[in-house]
Every structure is written in C-alpha cells, then in structure tokens.
Amino acid sequence: MSESRRRLLLVDDVPQLRRAYIRVVQTVLARTGVVAEEAEDGCAALEVVKSGLHDSWCIISDVDMPHMTGLSLFAELSAISPPIRAHKILVSSLEVSAAMVEECGADRFLLKDGSRAMHDAISAIVTDFLTA
C-alpha cells in the first residue's frame with residue numbers, strides 16, 4: 001500500500017471562489033508543501049478522491065452545484081467502503097439544516113457569506129488538518 005498523504009480539495013462551480021479559498025489558506029499550504037486541488041462539481045470531486053482512496057482528505061464543498069451537489073458528493077463519499085479518511089465541510093450561501101448536514105456525512109457547515117469569520121474558520125480548519 002502506498003503512503004497516505006494529506007490532501008486538500010476545494011469544490012465549487014465558481015472558479016473565483018475556489019481561488020479565494022486558496023488565498024485564504026496559502027500560508028499553511030506554503031508551509032506544509034500541500035497543493036490545493038480543485039473540482040468544479042461533485043462528479044469531478046468524486047473522481048479526484050477516488051484517485052487517492054488511501055489518502056487523508058480535507059474537502060470543502062459548495063452545496064449548490066450542477067451535476068452533483070455537495071450534499072450528494074458527501075453522501076457518495078460516506079458510502080465508499082472501506083471508509084475514506086476525510087474531513088468534510090459544506091459551504092453555502094443559504095442555510096442548510098443540521099439534519100441535512102448530518103445525513104450527508106458532513107463534519108461541519110459554514111455559511112458562505114465572504115465574511116472574515118468564514119475565512120478565519122476555513123483557515124483554522126485547513127491549518128488543523130494539515131499540521132495535525
């Protein structure tokens with residue numbers, strides 16, 4: 001079996017938002033040598049994760065995307081056997097119920113409002129994941 005790597009995957013159908021997330025965490029990425037990977041929807045993200053089933057993932061995904069939503073992506077990832085090691089964070093400009101977050105297997109929900117608090121939360125999550 002190959003050695004497990006820590007990997008960061010940013011999933012959003014808006015390229016500018018994916019790049020904004022990368023800017024938020026660029027310091028920790030530079031310090032750890034991890035390159036952020038990107039996917040434009042849940043289908044593409046699922047393929048990226050399947051390419052590294054033995055790796056540890058931090059996946060930050062938008063909820064509302066074409067082809068496959070973030071909710072469906074996380075539900076699909078939760079069904080993979082044996083289970084993958086993934087910290088899954090949903091972001092959305094609309095509130096998502098706690099039941100929906102739990103049902104899809106997400107570990108956390110963040111309101112995608114562009115606020116300093118949202119950026120600080122993403123930075124803290126990624127820093128904890130990559131430096132643990």
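Mentor: The axes of helix α1 (residues 15-32) and helix α5 (residues 116-131) come within 9 Å and cross at roughly 25°, where helices are DSSP runs of H or I with at least four residues, numbered from the N terminus, and axes are lines fitted to C-alpha atoms over the stretch in contact, with angles running from 0 to 180 degrees between N-to-C directions. This is a predicted model, in which local features need pLDDT of at least 70 and side-chain atom pairs count only at pLDDT 80 or more, while totals for chains, interfaces and linings use all residues. Residues are numbered from 1 along each chain as its sequence is written, and side-chain values use heavy atoms, with hydrogens and water left out.

Because angles under 35 degrees count as roughly parallel, α1 and α5 are roughly parallel to each other. The crossing of α1 past α5 is right-handed, meaning that the near helix is turned clockwise from the far one by less than a right angle. On the α1 side, the contact (heavy atoms within 4.5 Å) is made by Tyr 21, Val 24, Val 25, Val 28, Leu 29, Arg 31 and Thr 32, and α5 brings Met 118, His 119, Ile 122, Ser 123, Val 126, Thr 127, Leu 130 and Thr 131. These residues divide into nine nonpolar, five polar and one charged, where Ala, Val, Leu, Ile, Met, Phe, Trp, Tyr, Cys and Pro count as nonpolar, Asp, Glu, Lys and Arg as charged, and the others, Gly among them, as polar.

Val 25, Leu 29 and Val 126 are also among the members of a second, separate core of 20 residues, which includes Ile 60 as well; a nonpolar core is a set of buried Ala, Val, Leu, Ile, Met, Phe, Trp, Tyr and Cys residues joined through side-chain atoms within 4.5 Å, and buried means under 20% relative accessible area with a 1.4 Å probe, protein chains only.

Conventions. Helices (H or I, at least four residues) and strands (E, at least two) are DSSP runs, numbered from the N terminus. Angles under 35 degrees count as roughly parallel, over 145 as roughly antiparallel, 65 to 115 as roughly perpendicular and the rest as oblique. Buried means under 20% relative accessible area, exposed over 50%, partly exposed in between (1.4 Å probe, protein chains only).
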